[in-house]
Amino acid sequence: MTRKSLVFCSLFLEVVCFIVIGVHGEKKQNEPIGKISGGNYHETMHKLQSFRKSLTRQDAIASTPSSSSQPPEGLNNPRVFHVTSYGADPTGNSDSTDALLAAMADAAMPSNGLKEGHLLEGIKDLGGAQINLEGGTYMISRSLGFPVAGVGNLMIHGGTIKASDDFPNNGYIIELSNISPSAAYNFEYITFKDLLLDSNYRGGGISVINSLRTNIDNCYITHFTTDGILVQSGHETYIRNTFLGQHITAGGDKNEKDFSGTAINLQGNDNAVTDVVIFSANIGIMVTGQANTFSGVHCYNKATGFGGTGIYLKLPGLTQTRIVNSYMDYTSIVAEDPVQLHISSSFFLGDANIVLKSMKGVLDGVTIVDNMFSGSDNGVEIVHLDKTNSPFQQIKQVFVDRNIAKGMNLKATVAKKSMQGNGTLWNVDFNNILLFPNFIQNVQYSLSSIGSSFPNHVLRTVSDNHVVIEANEVVSANVFVAVDQSVSS
C-alpha cells in the first residue's frame with residue numbers, strides 16, 4: 001500500500017470514527033448532533049492516533065526490500081569514495097593532497113566478497129569502484145597515484161584538480177606509475193572522466209605508464225609545460241572527447257610563438273585518439289609508438305610558420321599509423337621515413353600540409369587520399385618531401401591521389417594530361433604535379449590523328465617526369481598520357 005493510499009485511509013477512518021461517535025455517543029441536552037463530548041473525544045482521538053502510527057509502521061515495513069530483492073550472495077554494493085569525506089577541500093583554498101591520496105588508497109583495496117578472474121591475470125578487479133570529486137576544485141602539492149599496482153576497474157571523475165605553486169616541475173597531476181616493473185601491466189581498465197586538470201605551468205596532466213585499457217574521457221587539461229597526457233609502453237589507451245592546451249586561447253593568441261610542451265605524447269602501441277581538440281602547445285601529438293589511430297582530431301596548437309607541429313610521427317621505419325577525418329588548422333603532419341601510413345578524409349587549412357621527412361631515405365606503404373587543402377597562394381605543396389638529411393631512395397607503394405587543393409600546389413603520384421599538336425614529337429611534362437622528381441613507373445598513352453593519315457607512333461622516352469611520344473611522320477593529333485609513380489618497385 002503506498003503512502004498516498006495510507007493517508008487517504010487515515011483521513012477516511014478519522015471521518016468515519018467522527019461520524020460514528022457523533023451518532024452513537026451519549027448526547028447531552030442541547031448538544032448538537034454530530035459533536036463529540038469532551039471525555040469521549042480525547043479518548044477516541046488518542047486511539048485514532050495510535051491506529052495511524054501502526055499503519056505508518058506497517059508502511060515502513062512494507063517498503064523494506066524483501067530478501068528476494070537483496071543482491072545475490074558474493075556481490076558487493078557499489079563502492080563510491082567521496083573525497084570530501086576524507087577531508088578534501090572542494091573550494092581549492094587548502095591542500096587536499098593527503099585526502100585525495102587516502103581516498104585512492106581505500107578505493108584500491110579490493111572488496112572481500114568480489115570474485116576474481118574478470119581482468120588480466122595479476123590484476124585485482126575493484127568492481128567498478130568510483131572516486132567521486134563531487135564537482136569540487138582541489139589543490140594538490142604532489143602527484144596523485146595509487147599506492148599499489150595490479151588493480152583495475154576503477155574510475156576517478158567529476159571535478160577539478162589544480163597543481164599548487166610548489167608542485168614539482170617534472171610531476172604529473174595524476175600518475176599511473178611504473179611501480180611494479182616486473183609485472184606485465186601495472187593497471188587495467190582505469191578511467192579518468194569529466195575532469196579539469198590544471199598543471200599551473202608546473203609539469204604535466206596525466207601519465208599512463210605500462211597500463212592496459214586506460215580511458216581518458218571528457219577531460220580538459222591545461223597549463224602543462226611537459227606533456228598534457230603521456231602514454232608510455234602499455235597497451236590500448238583511449239583518449240576521447242578531450243581538450244588540451246597550454247594556454248587558454250581560441251586561436252590567434254599574441255603569444256602563440258612562445259607556446260611550448262606537447263599535448264599528447266604517445267610512446268606506446270595500439271592507442272586511439274578520437275574527437276580531441278588541441279588548442280595550445282608546441283607539438284599537438286608526438287608519436288613514437290606503432291599502430292596508433294587518430295580520428296576527429298583538431299589541431300590549432302601552434303602554427304607551422306611559428307615552428308609548431310600538429311602531429312609528429314617520429315618513428316622512422318615502422319610507422320603503422322592511421323589519421324582520418326581530422327582538421328589540421330595551420331599545423332602540419334610530419335612523418336619521418338614513414339612505413340605504412342594512411343591519411344585520409346582530413347582538412348588542412350592555412351597552408352597546413354603533410355611533410356614526409358627523410359632520415360634514411362625510406363618511403364614504403366604510404367596512402368594519402370581524399371583530403372582537402374586550403375592555402376594562401378604561397379606555393380606550398382600539399383605533400384612536401386623533406387630531403388634535408390638525405391634523398392628518398394627506397395620508394396615503394398606510395399599512393400597520393402584524389403586530393404583537392406585551393407591556394408596550394410597539388411601533388412600526386414598519379415596524373416593524366418592531354419596535348420594537341422602538329423608534328424612528330426609530343427613532350428608531356430608532369431613535373432608540376434608528380435610528387436617524385438624522376439620516378440614514373442607506368443605509362444599509358446593514346447594518339448588520335450585528326451586527319452586521314454594513320455602514322456606509326458611509339459613511346460620514345462620517360463625521364464625527369466617527361467613523357468615523349470614520337471610519330472614516324474608529321475601529323476596533327478591529340479595525345480593522351482596517364483602516368484603512375486605508385487607501382488611497387
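A cavity here is a set of points, on a 1 Å grid over the protein atoms alone, where a 1.4 Å probe fits but cannot get out, and its lining residues have an atom within 4 Å of a point. Grid points are joined across faces, edges and corners, and a volume is the space filled by probe spheres set on the points.

The model is predicted: local features need pLDDT of at least 70, side-chain atom pairs count only at pLDDT 80 or more, and totals for chains, interfaces and linings use all residues. Residues are numbered from 1 along each chain as its sequence is written, and side-chain values use heavy atoms, with hydrogens and water left out.

**Whole chain.** Start with everything shown. The chain has 3 helices and 31 strands; these are DSSP runs numbered from the N terminus, helices being H or I of at least four residues and strands E of at least two. Of its 489 residues, 46% are buried, that is, under 20% relative accessible area with a 1.4 Å probe and protein chains only (exposed is over 50%, partly exposed in between).

**The cavity.** Select V83, L100, M104, I131, L133, L144, I156, I161 and I174, which line the largest cavity. Helix 3 (97-107) and strand 6 (151-163) are the elements that give two or more residues to this lining. The space inside is about 50 Å³, and the count of cavities of 30 Å³ or more is 1.

**Helix 3.** Next select T97, A99, L100, L101, A103, M104 and A107, which are buried residues of helix 3. Their cover includes strand 1 (80-82), strand 2 (91-95), strand 3 (124-132), strand 4 (137-140), strand 5 (144-145) and strand 6.

Most residues other than glycine have a negative phi. Go to N153 in strand 6, where phi is positive, about 65°. N153 is buried, at 17% relative accessibility. Then go to N218 in strand 10 (residues 211-222). The phi of N218 is also positive, near 55°, but N218 is partly exposed, with a relative accessible area of 37%.

**E336.** Finish at E336 in strand 19 (residues 333-336). Is E336 buried or exposed? E336 is buried, with a relative accessible area of 4%. Its contacts (heavy atoms within 4.5 Å), leaving aside neighbours within four places in sequence, are Y312, L313, K314, L315, P316, G317, T319, K357 and M359. With Y312, the side chains make a polar contact of 2.6 Å, meaning a pair of N or O atoms within 3.5 Å, where one must be able to donate a hydrogen and the other to accept it; residues adjacent in sequence count only if both atoms are side-chain atoms.

Note on methods:
On a 1 Å grid over the protein atoms alone, a cavity is a set of points where a 1.4 Å probe fits but cannot get out, and a pocket is an open set with protein on both sides within 12 Å along at least five of seven lines; lining residues have an atom within 4 Å of a point.
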